[in-house]
Amino acid sequence: MIWQILVALILGIILAVLGLVPDIFAANLDTVLTAMLCLLLFIIGLDLSQNRTVIAEIRRLGIKILLLPLFIACGSIVGGLAASFVVGLSPAYGMAIGAGFGWYSLSGIMLTTMVGADVGTMALLSNVFREILSIMMLPLVVKYFGKIASVAPGGATTMDTTLPFVVKYAGSEMSIVAFISGVVLSILVVFLVPALAGL
């Protein structure tokens, strides 16, 4: 699956660079992506309805289900702080980039507006790479750290783009956990990125 993803990504880049993508398709990429994402989520919903243990698992976890995204948020922000010292970036900006939690479009735009294009570009690229790496690393994460750990790499994207991969490698029982985690992290992005960038 990982090789299929990489080949598809590289093929898309090559076709776009060579100008072989029809203009009507390129002009409507957001619509196409949204439609494909909705289809994926619909299929996951069908799969989820077949799994009778999901509701029982959510009841068992209770309020603890909200602790997972909070731990992910803390880890991402601390990681951004540590990276800021390595690349010589302001610690506040490093934490703000880490607080993007994989939501590259929003965090990139917010930091470009608040701080400047250089930090905004760093946020965009680091969060894009987070999403790509999380998809590639998920089989290893599940194998060595367990199913619950599959929710961490994707961050906010586990509510949409990386959700199908969490389901594929960790099972449909993780879909609700991943979705809730992604929703909570997406909400936190809106508040934490500007708050940390303003420190």
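Ser134 touches Pro153, Gly154 and Thr162, leaving out residues up to four places away in sequence. Contact here means heavy atoms within 4.5 Å. Ser134 lies in helix H8. Ser134 is buried, with a relative accessible area of 2%. Buried means under 20% relative accessible area, exposed over 50%, and partly exposed in between, with a 1.4 Å probe and protein chains only. The model is predicted: local features need pLDDT of at least 70, side-chain atom pairs count only at pLDDT 80 or more, and totals for chains, interfaces and linings use all residues. Residues are numbered from 1 along each chain as its sequence is written, and side-chain values use heavy atoms, with hydrogens and water left out.

Helix H8 covers residues 117-145. Several of its residues are buried, among them Val119, Asn127, Arg130, Glu131, Ile135 and Leu138. The helix is not straight. H8 bends by about 55 degrees at Met137. The bend at a residue is the angle between axes fitted to the seven residues ending there and the seven starting there. After H8 comes Gly146, with a positive phi near 100 degrees.

The largest nonpolar core holds 34 residues. Such a core is a set of buried Ala, Val, Leu, Ile, Met, Phe, Trp, Tyr and Cys residues joined through side-chain atoms within 4.5 Å. Phe101, Leu111, Val151 and Val177 touch the most other members. Two or more residues come from each of H5, H6, H7, H8, H9 and H10. H10 gives the largest share, seven residues. Val151 is in contact with Leu68, Ile72, Thr158, Met174, Val177, Ala178 and Ser181, with neighbours within four places in sequence set aside.

The protein as a whole has ten helices and zero strands. Helices (H or I, at least four residues) and strands (E, at least two) are DSSP runs, numbered from the N terminus. Buried residues make up 36% of the 199 residues. Among contacts between residues at least 6 apart in sequence, 69% join residues at least 24 apart. The accessible surface comes to about 11300 Å², and 76% of it belongs to carbon and sulfur atoms. Accessible areas come from the Shrake-Rupley method with a 1.4 Å probe; for residues, only the protein chains shown count as cover.
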